[in-house]
Amino acid sequence: MAIISSDKENEKTKSKENSRENIAPCETDYDRCFENSIRPKTFNEYIGQSQLKETLKISLDASKQRQESLDHLLLYGPPGLGKTTLAGVIANEMGVNVKITSAPALERPRDLIGILMTVKTGEVLFIDEIHRLNKVAEEILYPAMEDFSIDRTTGKGQSTKTLRVPIPKFTLIGATTKAGALSGPLRDRFGIIHRLEFYNNDELSFVIKRTASIIAAKITEDGASTIASRSRGTPRIANRLLKRVRDYATVKADGIITKDIAIKSLDLLKVDHQGLDTTDRDLMKLIIEKYDGGPVGIDTLCAALGEDIRTIEDVYEPFLLQMGFIQRTPRGRKVSPAGYKHLGCKISSSQQNLF
Ligand code: ADE
């Protein structure tokens, strides 16, 4: 699996990582290394997303039978659910190589052209955060996706010529947390579009036990389900918590991850029984205490929390919305009655009239 990224982008990610000490599902360099070592390689090893796997297998088998490359595929959904992993599984099942990059690493036209010029027949090109592609890169992608060619310009001024250069037939897999932020023309060029769903507790328990066996951590059935229940439906978080709980079990007990050890360790990490961490609770408390439960604009929330909009929108909100703890309204974010209940807060009389 070839991973292509610019140094500039790596630096940006690193400086963000250093300031973060929580369980948010955003991907760090550390995750990337760890995840690469535990990534499932086949559909059989890949847990969850059963409906998506079933339809994908049909598309894959059909293109194999016709000896064609797979149609371009767009995967969308919250971070940490396994979009990159799935791209690797697809490439492996097709018996081809996968080149991995992300839109922020494709800032200059030559970044993308360089990759497209070296892609081989049938190969998978995975572009993460594809909604962040700039206009120029998008324009380069259109003929590459549609006609498997790229337009190259030569000469200057009046003697400028555009040459259409053919490239091998490849499969683009785009991943995004925000399908709505993709331009219409780009979205329309994907033959297959799928959403990844949050995992249920049984699926996450399987993920945790699978990872535990790879990293040789001893875990009981209810130890795994305790971690699963606090992992916000997200394998990346489940795997991260597993490692923290393993540390706790090593230092405070006999190394075995039991239910009791998992509870003690996760309580210490301030991950509550629904998987909310300090930032989630701070976000909801802020809306309740400072803005009478909302609605409050996202910009105001971000400024007060010291987080950027993308982190709040892509990392924190999807799970809080899924749990029904917050609501998005045209006038901003509100904490729902379920959110108040979770925090043990009383709904003010002015808010009560609004629900
Ligand atoms: N590790 C992370 N995601 C996984 C998945 N969906 N299946 C198996 N192991 C995983």
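**Cores and ring contacts in a predicted model**

Student: How many residues does the largest nonpolar core have, and which have the most contacts inside it?
Tutor: A nonpolar core is a set of buried Ala, Val, Leu, Ile, Met, Phe, Trp, Tyr and Cys residues joined through side-chain atoms within 4.5 Å, where buried means under 20% relative accessible area, exposed over 50% and partly exposed in between, with a 1.4 Å probe and protein chains only. The largest one has 67 residues, and those with the most contacts inside it are Leu-86, Ile-90, Ile-173, Ile-227, Ile-257 and Met-284.

This is a predicted model, in which local features need pLDDT of at least 70 and side-chain atom pairs count only at pLDDT 80 or more, while totals for chains, interfaces and linings use all residues. Residues are numbered from 1 along each chain as its sequence is written, and side-chain values use heavy atoms, with hydrogens and water left out.

Student: How are the rings of Phe-148 and Phe-170 arranged?
Tutor: Rings of Phe, Tyr and Trp (its six-membered ring) pair if their centres lie within 6.5 Å, and planes under 30 degrees apart count as stacked, over 60 as edge-to-face and the rest as tilted. Here the centres are 5.7 Å apart and the planes stand at 85 degrees, so the pair of Phe-148 and Phe-170 is edge-to-face.

Student: Is Phe-170 buried or exposed?
Tutor: Phe-148 has a relative accessible area of 15% and is buried. For Phe-170 the relative accessible area is 0%, so this residue is buried.

Student: What is the arrangement of Phe-198 and Phe-319?
Tutor: Both Phe-198 and Phe-319 are buried. Their ring centres are 6.0 Å apart with planes at 75 degrees, so the pair is edge-to-face.
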